[in-house]
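Have a look at the sequence and the fold, then read on.

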Amino acid sequence: IMPGAVFIFATFHWWTLTITAMVLSIASIIIWLWRGTAQIPEKAEKDVGLGLKLPLYKSGPDSIGWWAMFITMTGDATAFVGLIFGYFYFFTIHADFPPPTAVGPGVFWPSIALLLFASAWTAALFARILNRAGRVGPARGLMAAGSVASLATLLWGPFTNGLDPSAHVYPATVWVLAIWTAVHGGVGGLMLGYCLARSYADRMTPEYDIDISNVALYWHFAGGTALVTVATLAYFPMLM
């Protein structure tokens, strides 16, 4: 109910209710994940009869959760490609896209954002590798670093340059792409923080690591999204 309420309230510009519903949605999702998913089994296998034993826990590409993340992010990437197509479609059909006087989001802040996204992606990837190798301490350090490395720096470029999304389709498109990417970075940071908490609670171990395995997969998509967004908004206009 709450995730749907976020979109309904936002449609009517009821921002206080939107933020409240968003916080409640995130809290309820985290509680559900914590209590009902990736539970460490009492034993590795279960005898299902006729001499057949089935594993009770799998992570990585052998798990359903990994493929659920992959399919979800594939759909998400498809929607993102549509946004990128919209940017280049307007560039193709409108001579004033971007307008001659437009300053755009600049290069500095988008580049900083890309560096932070790359750092978070690297942290997620090596946290998975180190955790699986039994080096839990360094893995936790990377999860902690990655959880704060994806701050919404990408939004600072269009904000500091005064891009008004209601003035022209160009700043509106820039803001949509920047917000889309920044939100994905924020979600990825929250995911790494969740993995860190699971590790400290002994609910994620080197052997049972589906949480960080799925989050590392998510960051492959989030990192690619950041690369394409920054290349489109900051670097592509330099070629014109």
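What follows is a short briefing on the fold, the cores, the salt bridges and one threonine.

This is a predicted model, where local features need pLDDT of at least 70, side-chain atom pairs count only at pLDDT 80 or more, and totals for chains, interfaces and linings use all residues. Residues are numbered from 1 along each chain as its sequence is written, and side-chain values use heavy atoms, with hydrogens and water left out.

**Overall build**

- The protein has eight helices and two strands; helices (H or I, at least four residues) and strands (E, at least two) are DSSP runs, numbered from the N terminus.
- Reading from the N terminus, the elements go α-α-β-β-α-α-α-α-α-α.
- Along the principal axes, the C-alpha atoms fill a box of roughly 70 × 35 × 30 Å.
- Of the contacts with a separation of 6 or more, 73% are between residues 24 or more positions apart; a contact means heavy atoms within 4.5 Å.

**Surface and charge**

- Of the 240 residues, 38% are buried, where buried means under 20% relative accessible area, exposed over 50%, and partly exposed in between (1.4 Å probe, protein chains only).
- The accessible surface comes to about 13300 Å², and 72% of it belongs to carbon and sulfur atoms; areas come from the Shrake-Rupley method with a 1.4 Å probe, and for residues only the protein chains shown count as cover.
- There are 11 positive and 11 negative charges, and their mean positions are 10 Å apart. Lys and Arg count as positive, Asp and Glu as negative, with His and the chain ends not counted; each charge is placed at NZ of Lys, CZ of Arg, CG of Asp or CD of Glu.

**Nonpolar cores**

- The largest nonpolar core has 29 residues, and Met143, Leu192, Cys195, Ile212, Tyr218 and Trp219 touch the most other members. Such a core is a set of buried Ala, Val, Leu, Ile, Met, Phe, Trp, Tyr and Cys residues joined through side-chain atoms within 4.5 Å.
- Helices H3 (64-93), H4 (108-132), H5 (136-148), H7 (169-200) and H8 (210-235) each supply at least two residues of this core, and H8 gives the largest share, with 10 residues.
- Another core, of 11 residues, lies apart from that one and includes Tyr87, Leu163, Leu177 and Leu233.
- Leaving out residues up to four places away in sequence, Ile212 touches Ala124, Ala127, Arg128, Asn131, Met143, Leu192, Cys195 and Met204.

**Salt bridges**

- The structure holds two salt bridges, each being a side-chain nitrogen of Lys or Arg within 4 Å of a carboxyl oxygen of Asp or Glu.
- One joins the side chains of Asp209 and Arg132 at 2.8 Å, N to O. Asp209 sits in the loop between H7 and H8 and Arg132 in helix H4, so this pair ties together parts 77 residues apart in sequence.
- Asp209 is buried at 1% relative accessibility, while Arg132 is partly exposed at 41%.
- The other pairs Arg198 with Asp211, with the closest N and O atoms 3.3 Å apart. Arg198 is in helix H7 and Asp211 in helix H8, so this bridge links parts 13 residues apart in sequence.
- Arg198 is buried at 0% relative accessibility, and Asp211 is buried at 9%.

**A closer look at Thr173**

- Thr173 lies in helix H7 and counts as buried, with 10% relative accessibility.
- Which residues does Thr173 contact, leaving aside its neighbours within four places in sequence? Thr173 is in contact with Tyr87, Phe90 and Phe97.
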